[in-house]
Every structure is written in structure tokens, then in C-alpha cells.
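Look at the model first, then read the points below.

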Amino acid sequence: MLLLFIMFMAVIAVSWGFFDSAELAAASILMWGTGDAVAALVGIPFGKHKVCCSLTDGKKSWEGSLAMLVASFAVGVLVLKLSQETGWSRILILASAGALTGTVTELFSPSEYDTVTVPVMISAALLILEKVYTL
């Protein structure tokens with residue numbers, strides 16, 4: 001629980017404090033939370049095809065990972081569209097990059113640490129793309 005609060009504090013402090021992007025902090029935390037929950041709800045009962053890779057913990061399935069990707073993308077689009085007045089292309093690029101980054105990070109993170117690694121990596125991807133996209 002302590003790691004969870006430290007992660008929230010770090011994501012909010014960096015995204016909102018240093019980069020003045022409160023919406024990206026909210027998007028990264030909500031993309032992780034919803035995606036992780038949907039991945040468990042789909043992957044545990046319906047995950048028939050385990051990811052066979054030495055870098056994973058052997059518990060994760062392709063079905064759960066796909067569910068996380070779709071849910072994270074949908075939440076990212078929703079949060080970014082509601083919080084920013086910008087074009088669809090920018091929103092779709094940010095949501096796609098965040099969802100893909102979060103899904104890959106969750107897949108290769110040990111189960112006990114993905115609560116910290118996934119939102120941090122989503123936040124980093126969104127912040128980097130945000131700055132690159134505005135150049």
C-alpha cells in the first residue's frame with residue numbers, strides 16, 4: 001500500500017507539478033487502474049493462452065493482455081478527450097502509446113511490482129509524447 005501511495009505521489013508531482021499536465025497524471029493512473037482490473041477479470045477466468053516467455057512470471061495470458069490494451073486505450077481516449085480541447089489525432093496517438101506502454105510494462109513486470117511500474121511508464125510515455133508532439 002505504501003508503494004501505491006508513493007507511486008501516486010510521484011506521478012502527480014512529476015506530471016502536474018513539473019510539467020503542468022494534471023490531465024496526463026489522471027490519464028496514466030486511470031489507464032493503469034482500469035486496464036489492470038479488466039486484465040484480471042478477463043485473464044483469470046478466460047485466459048487460455050499463457051504468455052510463454054522467460055521474462056514473464058508465467059501467470060499472464062494473451063487474453064488478459066489484450067483486455068488491458070483495449071480498456072487502457074478506451075479510458076485514455078475518454079480522459080484525454082474530456083480534459084483537453086485538442087484534435088482526435090493527438091488524443092488517439094497519446095492513448096495508443098500509453099495503452100501499449102502500459103500493457104507491455106504489465107506483461108514483463110513481476111506481479112507484485114506492476115502497481116508501481118505500469119502507471120509510471122504510462123505517465124512517462126504520455127509526458128514524452130506530449131512534449132514531442134508540441135514541438
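The side chains of Gln-84 and Arg-90 are joined by a polar contact of 2.4 Å; such a contact is a pair of N or O atoms within 3.5 Å, where within protein one must be able to donate a hydrogen and the other to accept it, and residues adjacent in sequence count only if both atoms are side-chain atoms. This is a predicted model: local features need pLDDT of at least 70, side-chain atom pairs count only at pLDDT 80 or more, and totals for chains, interfaces and linings use all residues. Residues are numbered from 1 along each chain as its sequence is written, and side-chain values use heavy atoms, with hydrogens and water left out.

**Around Gln-84**
- Gln-84 lies in the loop between H3 and H4 (helices are DSSP runs of H or I, at least four residues, numbered from the N terminus).
- A second polar contact, of 3.0 Å, joins the side chains of Gln-84 and Glu-23.
- Gln-84 is buried, at 10% relative accessible area (buried means under 20%, exposed over 50%, partly exposed in between, with a 1.4 Å probe and protein chains only).

**Rings**
- The structure holds one aromatic pair.
- The ring centres of Phe-8 and Trp-32 are 6.2 Å apart and the planes lie at 70°, so the pair is edge-to-face (pairing needs centres within 6.5 Å, taking the six-membered ring of Trp; planes under 30 degrees apart count as stacked, over 60 as edge-to-face, the rest as tilted).
- Phe-8 is in helix H1 and Trp-32 in helix H2, 24 residues apart.
- Phe-8 is partly exposed at 22%; Trp-32 is buried at 11%.

**Helix H3**
- Residues buried in H3 include Gly-64, Met-68 and Leu-80.

Note on methods: Helices (H or I, at least four residues) and strands (E, at least two) are DSSP runs, numbered from the N terminus.
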